[in-house]
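Thanks for coming, everyone. Have the sequence and the structure open while I talk. I'll go through it piece by piece.

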Amino acid sequence: MSDTGGSSAEDGGEGSESGPTDGDVLETDGEGAFDPIEVFPETGEPDLRPGADDCYKCSTCDTNCPVAAVDEEFPGPKFQGPEQWRLKRREDHDIDPSITKCSNCMRCDHACPTGVPLSQQHNTARAEYVAQQVSRFSREYWRNRLLANYGTMARLGSRVPRLTNAVMGLSATKWLNERVLGITSEREFPEFATETFREWWADRGGARVSSEEKRIAYFHGDYANYNTPEVGKALVRVFESFGYEVAVPDQRCSGTPMFANGMLEDARRAATFNVEAFRELVEDGYDVVCSCTSCSFALRQEYLELFDLKGVETVATNTYDAVEYLRIYEDLEGALAEASGDDGQPAAFAYHTPCHARNQGLDGQTVELGDAVDGLEVHDVGDSCSGISGTYGWKRERYETSMTIGAEMFEHIERADADTGLTECPTCAMQMEHGTGYEVRHTLEVLADVLLEQ
Amino acid sequence: MAIEDDVLVIGGGLAGMTAALTAAERASRVRLLSYKQSTLCHASGLIDVLGYAPDRSGPLVDPFDAIPDLPQGHPYERVGTDAIREALHFFDAVVGDAYRGAHTDRNALVPTGDGTVKPTARYPASTAAGLASRPRATLLVGFETLPDFDAPLAAAHLRETGVPFETRGVTLQFPGIQRADATLTRYAHLLERDEPVDAGAGAAPARTVLAEAVRPHLEGVSRVGFPPILGDEHHAVVRRDLEERLGVAVFEVPSGPPSLPGIRLERLLFDALEELSVRVTTGVPVVDYEASADGGRIEHVLVDRNGQRVPYRADSYVLATGGLVGTGIDSSRERVSEPIFDCNVAHPTDRYDWFEDDAFGDHPFARFGVTVDRELRPLAADGEPEFANLRAAGAVLGGYDYAAEKSGSGVSLATGYVAGTHAAAEVRG
């Protein structure tokens, strides 16, 4: 290789004196020619080749994988991503079933020094596995489909929230879930709110602030709508206090649990609906904000990586985490410092950064805001994964893995000088509650408490 | 509005974290931005200052004897000997008991996973019992499922280098792990949590079973070296437990990537950053900057947040983005460049002059990087600082070949320390 400048140039290139000729196969078309999310025009499928080629097998991803650290049967993200992709070039190779052990936390993406799109490779491998190797008649398939489409269940269940909550809490229901569906009976099913966020929004008559310049469209997702409407209400009140006109368009699940269960066609339907709904608002000058960090991550990155939809890039580049948005466009720290006068209630929280927040550069944000408020202490409980990863920790066969991963976080929460938890991800919150018994709040709720006179 | 700080450090490796820690002792608001995990996860965890001279003579007994003879433009020549010593004192204070070697200027000799002996200035406490200068009979233990460390081969190689002690190696089955593709963190987690494993005689805690497997091979030795997988956060506990069970000293043999000792050092420094209230943002890259009207100062940098370019403003900036491996220095077929500020990177125009034909030759590319003045400000081709408020530290600097000299960590510490000090002094208050 290293003697190219000498004899080989003379052998092949007529009159060429230095280096390869114009026809050299190594020639690329200039700088930055590799775009890992480039789409093959013929198929519409993501082209994963450049991403796989960028992997130099340093195994940094493997050392960041929370599942691989507790389960030897999981060979880690490097295998699931670039290595499996290469194996698949041979047509007689199936996807390795261990792909279902990936929890989709995406810490590998965050770690990779060369930007290999590992989670994109995992998402496509998982979808291929489910489409081609999982029976449509198996319990796993229907259980996963049910979990992935939680929003559909929630829509039905929240029509009669008290009844649903009572039924879901019954030991008979749990027994059935565990035996028939393979949903763990160890966890308490999250309660449905007696009034959904959208019902509240409609009742109050929608937006109370109108503005030509400052407009946001809220992507609440299913959880804030059906289970924790107080988070959505806090978001609306905080943004209105900064003078924003808030829109709440019709929307479906972000698709996160569908990606994680390999239900890519379900996710494509949800994404198509959401992109269409929010694209029009973005074109009218709205920015999209989310209160759940997995939702914002889906809109910002996964849609773009997986689906070739009209306006998907417009939506992706105009989507933000709600708190991030205020940090960027408003003097949030200043407002917090001013609002936290003498009557502020002293409060201390044990804060966990969701993995999907890390991927958006949001780690540290909540702790920094805590610093701005007198009497508010936000203790970071470290960088371990909570282990639940959405629907993952709800599966009977994954429950133990999920809790083993979570052990470090539970210990750090209990060691922190606080007795309330804080996080932005609804399933991380479930795990924190489940592992420690702490009440867990959302950052937006705490901001609303500080900023708004009650 | 921009996200505001006094000092903004770009890059989360050893140089960047040192710069941020140094600055945080002198300025109130310091932020560290790190795009991806740094090359510390590839690093041995050893803190080399200078193991070999640029003419490749060595190993050097005392790096401080050789530093005054380094050529002009070498990062150590730029910052001076006193700064190197101060930076080492600073490091010693930050890491405390986790590192050894501060008692002397002289290099320690640490056996590596390849059976070589590496001269280094500081070493993790976990490697301390294994130093090659101690004449104690040694057993190296490798595992079937971890082929990167071949203990009998490493032992044979050590014997060839003439170490003053008996050494032999043995390859065992790691209790509780059968698969050849389990990750390193799986081994560490098993030992750290002392999880029950079944090695055929019923379940027992992993450390107990491991000690039982090693015991029959101990005859005549007074220390045992393992690959660096002996636990994670509480690795000192794992090591001590094994020492008590085996009745001999236990140490880790530094290895190539991925490397838990490098990752442990990273965590140690991140904890120190938290202690000093340094704001840390990871996962998003700095992609561009705005300069003042006359081009003399950086007004703010732009961080790509999923397609949106968000300004981050500070009074002064430290560039610690790494070298060719860490992607702080980039190359195309036409040129070598520094991708964020496009600082001048001197290099021959003909790319066939960037390397030597001999794979182990004295490659010019190994010295590619930005050129700096004595305050570590990157210099343009005309010899003037690129920006008044930008400093550079670590592997993004040119003028040294860290792989040949074994000077990577020392340069990162010394230049990170100096860059952080100057960056804090620049803060307008």
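Start in chain B, with an open sheet of four strands. The strand order is E9-E8-E12-E13, and the pairing is parallel. Keep in mind that this is a predicted model.

Which strands sit at the edges of that sheet? Strand E9, residues 167-172, and strand E13, residues 249-252, each pair on one side only. From one strand to the next, the twist averages 25°.

Zoom in on strand E12 of chain B, residues 223-226. Four bridges join E12(B) to E13(B), and the two run parallel. For a landmark, find B:Val224, which stands opposite B:Val250 in E13(B).

Next, another sheet in chain B. Five strands form an open sheet here, in the order E14-E3-E2-E18-E21. The pairing is parallel. The edge strands are E14, residues 279-282, and E21, residues 390-392, and each pairs on one side only. The twist in this sheet averages 20° from one strand to the next.

Look at strand E18 of chain B, residues 316-319. Three bridges join E18 to E21(B), and these strands run parallel. What is the bridge partner of B:Tyr317 in E21(B)? The partner is B:Leu390.

Helix H1 of chain B, residues 14-24, packs on this sheet. H1 touches strand E2 (7-10), strand E3 (30-34) and E18 of chain B. Its direction makes about 170° with that of E3(B).

Two residues here deserve a stop. The first stop is B:Thr18, in helix H1 of chain B. Is B:Thr18 buried or exposed? The cut-off for buried is under 20% relative accessible area. B:Thr18 has 4%, so the residue counts as buried. Beyond its sequence neighbours within four places, B:Thr18 is in contact with B:Phe90, B:Leu413, B:Gly416 and B:Tyr417. A polar atom of the B:Thr18 side chain lies 2.6 Å from the backbone oxygen of B:Leu14.

The other stop is B:Ser34, in strand E3 of chain B. B:Ser34 is at 7% relative accessibility, so this residue is buried as well. What does B:Ser34 touch, not counting residues up to four places away in sequence? The list is B:Gly11, B:Gly12, B:Thr281, B:Thr282, B:Gly283 and B:Val284. Take B:Gly12 from that list. B:Gly12 and B:Ser34 are 22 residues apart along the chain, yet their C-alpha atoms are separated by 4.8 Å. A side-chain polar atom of B:Ser34 also lies 3.1 Å from the backbone oxygen of B:Lys36.

One more strand pair in chain B. Strand E5, residues 108-111, and strand E6, residues 117-120, pair in the antiparallel sense over four bridges. B:Val110 stands opposite B:Lys118 in E6(B). The two strands form a hairpin, with five residues between them. In the turn, B:Gly115 has a positive phi of about 80°.

Over to chain A, and its helices. Helix H19, residues 322-329, is mostly covered, with seven of its eight residues buried. Among the buried ones are A:Glu324 and A:Arg327. What caps the N-terminal end of H19(A)? A:Asp321 does, with a side-chain oxygen 3.3 Å from the backbone nitrogen of A:Val323.

Then a helix pair. H23 of chain A, residues 399-415, packs against H24 of chain A, residues 426-436. The angle is about 75°, and the axes are 9 Å apart. That angle makes H23(A) roughly perpendicular to H24(A). On the H23(A) side, the residues that meet H24(A) include A:Tyr399, A:Met403 and A:Phe410. On the H24(A) side, they include A:Met432 and A:His434.

Conventions
Residues numbered from 1 in each chain as written. Chains lettered and ligands numbered in written order. Predicted model: local features only at pLDDT ≥ 70, side-chain atom pairs only at ≥ 80, totals over all residues. Heavy atoms only, no water. Pairing = 2+ DSSP bridges. Axes fitted to C-alpha atoms, helices over the stretch in contact; angles between N-to-C directions. Contact = heavy atoms within 4.5 Å. Buried < 20%, exposed > 50% of the residue type's maximum accessible area, 1.4 Å probe, protein only. Polar contact = N/O pair within 3.5 Å; in protein donor to acceptor, adjacent residues only side chain to side chain. Parallel < 35°, antiparallel > 145°, perpendicular 65-115°, else oblique.
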